[in-house]
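Here's a quick tour of the model, starting with a couple of aromatic side chains and then moving on to helix packing. Have the viewer open as you read.

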Amino acid sequence: MNVIDHVRDMAAAGLHSNVRIVSSLLLTMSNNNPELFSPAQKYQLLVYHADAIFHDKEYRNAACKYSMALQQKKVLSKTSKVRTSAGGAASTIQAQSLPSEIEVKYKIAECYTILKLDKDAIAVLDGIPSRQRTPKINMMLANLYRKAGQERSAVTSYKEVLRQCPLALDAIIGLLSLSVKGAEVASMTMDAIQSIPNLDWLSVWIKAYAFIHAGDNQRAINTICSLEKKSLLRDNVDLLVSLADVYFRAGDTKNAILKFEQAQMLDPYLIKGMDVYGYLMAREGHLEDVEVLGGRLFNISDQHAEPWVISGCHSFYSKRYSRALYLGAKAIQLNSNSVQALLLKGAALRNMGRVQEAIIHFREAMRLAPCRLDCYEGLIDCYLASNGIREAMGMANNIYKTLGANAQTLTILATVCLEDPVTQEKAKTLLDKALAQRPDYTKAVVKKAELLSREQKYEEGIALLRNALANQSDCVLHRMLGDFLVAVNDYQEAMDQYSIALSLDPNDQKSLEGMQKMEKEESPTDATVELEGDDMEGSGEDGDLEGSDSEAAQWADQEQWFGMQ
């Protein structure tokens, strides 16, 4: 047993730091005395040395050392051809025991991918002949092609993965995301379904994800629910997360949160999908819960985008847009395909007045998730913010034609129509159609209420909002009902509605403003009575100061948790 065998055994045992030191010393010896090791042994040493460096996450250095190993392999190939006639069998045995050249190229591509040098990674993998590509090489190539916009090449590579591994479900999702028909994808797995017991669910699973990537949310929900109800797949976390995500895409916030919570209870270490869950919780005003969720996920892993996005959502809904921008950028750095991170950064840029930069991020989110309407909504908001009504109208019409006339697309188109006095009547028709399909769709209710407020049809607005609140409790709807009640001089119930809104979201500034406005309009007699009451119990200023100290302490804790200066 020679020294190279010892190095190989240490590498196999996972003693990477030991391998790095020994291989470095042996390579220096080889450089000073080329006769000390054969070309094959030097190639082995270079690969083991590069593997140890890769394990230390020094990816640029590792790529360099792997490339040196490949150069050494070329030298070895030339010398082996000369020696083949003398000892063909021995040369073949030696070649079989050497590290795989294909595996070395894959490692180089992996380094380039981590370093975000996608073009270099594609170039390395493209250099491997098709017949020699393993499933993991084809999978990496497919993902890189898709990211680079080379959809045809991506489809070919995903199909090759499925040909070799028919249960590669991520490859199936990749094909469906590239608009390959569900029936075609299912046909590639048919042999496996028929030959393996208890795999009859796979065709339904493919159908569900085909609906998701076609933007048919309702049929996707129904299909996943039918799968989830089957006893063998009940309480599957991946299915629950997918179901929650589709509910979110369909605008059903209540069920989305419910399914995310169910998945989280089943798997306390769950990270996937928690960025969307955190966003929904922040949007609903549950900032304390978002803070807890973010802290828990950071304890699980800070190398995923999700905890950074959750923290960013907390900052965004606390109106700390610069901090949200930084956290969104950090999340994108960890995962450039994180749609939620792109949306967070885009929203922060938009609210900071950097609309053109925001547009770039919303467009990238649209490219990655063409069936997610919130990507389009962000872009339309940017167009409207920069007075680009024509661009916003073009985008809204395109969504309407592409995804069909559902409650969400109708509301998006109506939102743009509301910005132009000429199309106000069209907006009303669109909103009526949306509410006929989904009377509980909050965004449509809000827009219809805004329209009724403009027309001063307060009684009609009150009836609309009461009807919507009969089956749900939403901060915005309660606040808007308060505004309408003020308009008809029903101050007591208006105050009740503002109070309910603030109980749902204590940071809702508009509800606070509504209450303060009502308090200012109170009669002088009432104000005097209140003042006397305050004097009896002690100074009202002392109470305010106490509350301010409490709030300051709370924010100080949050600042410390988020790593703020």
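## Aromatic rings

F54 and Y59 are both buried (under 20% relative accessible area with a 1.4 Å probe, protein chains only; exposed is over 50%, partly exposed in between). They form an edge-to-face aromatic pair, with 5.3 Å centre to centre and 70 degrees between the planes. For the cut-offs, rings of Phe, Tyr and Trp (its six-membered ring) pair if their centres lie within 6.5 Å, and planes under 30 degrees apart are stacked, over 60 edge-to-face, the rest tilted.

By this rule there are eight aromatic pairs. Ring pairs also tie F316, Y317 and Y321 into a cluster.

## Ground rules

This is a predicted model, where local features need pLDDT of at least 70 and side-chain atom pairs count only at pLDDT 80 or more, while totals for chains, interfaces and linings use all residues. Residues are numbered from 1 along each chain as its sequence is written, and side-chain values use heavy atoms, leaving out hydrogens and water.

## Helix packing

The protein chain has 33 helices and zero strands (DSSP runs numbered from the N terminus: H or I, at least four residues, for helices; E, at least two, for strands). Of its 565 residues, 45% count as buried.

Take α19 (residues 305–317) and α21 (residues 339–351): they pack at about 25 degrees, axes 10 Å apart. That makes α19 roughly parallel to α21 (angles under 35 degrees). V309, G312, C313 and F316 in α19 meet α21 residues including L344 and R350, with contact meaning heavy atoms within 4.5 Å.

Definitions and conventions: Axes fitted to C-alpha atoms, helices over the stretch in contact; angles between N-to-C directions. Parallel < 35°, antiparallel > 145°, perpendicular 65-115°, else oblique.
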